[in-house]
Amino acid sequence: MRHLLSIADFSKAEAISILDTANELARVSDGAVKKLPTLRGRTIVNLFAEDSTRTRISFEAAAKRLSADVINFSAKGSSVSKGESLKDTAMTLQAMGADAVVIRHFASGAAQRLADSQWMSGSVVNAGDGTHEHPSQALLDAFTIRKHLGLGKSDLEGLSVAIVGDVLHSRVARSNILLLSKLGAKVVLVAPPTLLPVGVESWPVSISYDLDSVIPFVDVVMMLRVQQERMTEMYFPNAREYSRYFGLNSDRMKSMKPGAIVMHPGPMNRGLEISAEVADSSRSVITEQVTNGVSVRMAILYVLLTGGALEAGGN
Amino acid sequence: MSVALSAPDIKRALTRISHEILEKNQGASSIVLLGIPTRGAHLAQRIASIISEIEGVEISCGTLDITLFRDDLRLRAPKAIMPTTIPPSGVENCDVILVDDVLFSGRTIRSALDALGEIGRPRTVQLAALVDRGHRELPIKADFVGKNLPTSKSQSVRVLLSEIDGRDEVSIEGEAG
């Protein structure tokens, strides 16, 4: 595996091997050793053409724990804001000897374009492209679910996951649907019809418009952020109505299965899709998702930058 | 393919190594055995249980994965990372005995020393290998060797252990020369 562009690119076994690698790396981070020499001398560029806190610092922390050199590059304050094209930016990075580029871009397909082009020779990691995919988020979500509910199994067979809210604009939802169904979980989407994309009936999911009828039967409730910055039309009458029908509040949380967890990829609109009581409750694993993100991204960088496919077994 | 060590040979070699470890360290009180996954970890377990039988005390035994410390990660496909388990008492001021199945270039052991350096500062680090096949690329030497096997570089040494492979055997594959 040389690039991480889309969950669709890899098999169930490859996904599980990344999760297993992340698991061992998490144990390393827990212990006395915080820094590993694995990627010493390699250069990783974080190319962020769209705002991000979590993903960027998570990739930065992951790269630094593996001793790679990290260059952060955001559109604001760089030549991109002067109108430099992706091609010229990529060629600049190539000239500087970047071994991998972690790219966040507002255009769907930007990471694929970078990987398919001859502009640069390093690995490309898709850290979110438009409304297409966010594969590292899906991997860390699957990792978190497996840790809480996996019962020691390697996959997520038999679990059911509700993905609730703004599916239309969500790359997190697209990557998660692909990965969770690949790992054997059942996915149900809950959203107002206006926030579901055209063609959703061809996805490997079931669809509901009624959150209260779904919540008592699922193991995971994954709330999505309402992406107001991408909304050019009126998708729902007002925030209070959205919150009443599709928000997760403490009353709804009471009807959840025992042991079921609440997830959110962040950043949260507290009071809109999720109430503060729920976000801070014991069912919420939202901060743990952030912690796990570092281990999963370490695993991704390890697999991509050490070349070739994972071999089974030891030394 | 020729068999270099049969199951009873392996058993005798491990018993002798266990006695040598005890002799050199004047008992088992400060010993920590760390096996290098996959097969070294099982060998460490076996040596630990032999030493416990001889001395009548529990021996600290763990595993030390060196994958992330290798110097050839750029050149080869990445290996799956195996668990590292350090005994709760740690390695500080202990006599650590690294256990591996085959000692060859010495690069695995160099990586193991780096990995160990991140965990603590043992009083001594010693090395036990079931087979030493020569062709060292680094100034590294085993303290305890099950058997020295003269090989050519083109041959490969295959170690089978009952925990993984269902039977115990060491064999040499390929033509000498």
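**View 1. The two domains of chain A have C-alpha centres 25 Å apart.** This is a predicted model. Domain 1 of chain A covers 7–134 + 290–305, and domain 2 covers 135–285. Across the boundary, 23 residues of domain 1 are in contact with 22 residues of domain 2. On the domain 1 side, α1 (12–30), β4 and α11 (286–305) of chain A each supply at least two of the touching residues. The largest share comes from α1(A), with six residues. By class, this side of domain 1 of chain A has ten nonpolar, eight polar and five charged residues.

**View 2. Chain A as a whole holds eleven helices and nine strands.** Its C-alpha trace spans about 55 × 50 × 35 Å along the principal axes. The radius of gyration of chain A is 19 Å. A compact globule of 315 residues would have a value near 20 Å, so the two agree. Buried residues make up 47% of the 315 residues in chain A. Now take the contacts in chain A with a separation of 6 or more: 78% of them join residues 24 or more positions apart.

**View 3. An open sheet in chain A is built from four strands, ordered β2-β1-β3-β4.** The pairing is parallel. The edges are β2 (69–74) and β4 (123–129) of chain A. Each has a single partner strand, so one side of each is left without a neighbour in the sheet. From one strand to the next, the twist averages 15 degrees. Helix α2 (residues 54–65) of chain A packs on this sheet. The helix touches β1, β2, β3 (100–105) and β4 of chain A. Its direction makes about 180 degrees with that of β1(A).

**View 4. Strands β1 and β2 of chain A run parallel, joined by six bridges.** Strand β1(A) takes in residues 43–48.

**View 5. Another open sheet of chain A has five strands, in the order β7-β6-β5-β8-β9.** Here too the pairing is parallel. At the edges stand β7 (206–208) and β9 (261–263) of chain A. Both have a single partner strand, so one side of each lacks a neighbour in the sheet. Neighbouring strands are turned by 25 degrees against each other on average, direction ignored. Inside the order, strand β5 (residues 160–164) of chain A runs parallel to strand β6 (residues 186–190) of chain A. Five bridges join these two strands. A:Ala162 stands opposite A:Val188 in β6(A).

**View 6. Strand β8 (residues 169–173) of chain B has one covered and one uncovered face.** B:Val170 and B:Ile172 make up the covered face. On the uncovered face are B:Glu169, B:Ser171 and B:Glu173. Strand β7 (residues 156–160) of chain B pairs with β8(B) in the antiparallel sense over five bridges. In this pairing, B:Val157 stands opposite B:Ile172. Strand β1 (residues 2–5) of chain B is also antiparallel to β8(B), over three bridges. The bridge partner of B:Val3 in β8(B) is B:Ser171.

**View 7. B:Leu5 lies in strand β1 of chain B.** B:Leu5 has 21 C-beta neighbours inside 10 Å and therefore counts as buried. Leaving aside residues up to four places away in sequence, B:Leu5 touches B:Ile10, B:Ala13, B:Lys147, B:Glu169 and B:Val170. Of these, B:Glu169 belongs to the uncovered face of β8(B), and B:Val170 to the covered one. The C-alpha atoms of B:Leu5 and B:Leu130 are separated by 9.8 Å. Along the chain, these two residues are 125 residues apart.

**View 8. Strand β5 (residues 124–132) of chain B is largely enclosed by the rest of the structure.** The reason is burial: seven of its nine residues are buried. Strand β4 (residues 95–103) of chain B runs parallel to β5(B). Eight bridges join the two strands. Within this pairing, B:Val102 stands opposite B:Val131 in β5(B).

Notes. Residues numbered from 1 in each chain as written. Chains lettered and ligands numbered in written order. Predicted model: local features only at pLDDT ≥ 70, side-chain atom pairs only at ≥ 80, totals over all residues. Pairing = 2+ DSSP bridges. Axes fitted to C-alpha atoms, helices over the stretch in contact; angles between N-to-C directions. Contact = placed C-beta atoms within 7 Å. Rg over C-alpha atoms; globule rule 2.2 N^0.38 Å. Buried ≥ 20, exposed ≤ 12 C-beta atoms within 10 Å, placed from the backbone. Domains from an automatic or database assignment. Nonpolar A, V, L, I, M, F, W, Y, C, P; charged D, E, K, R; others polar.
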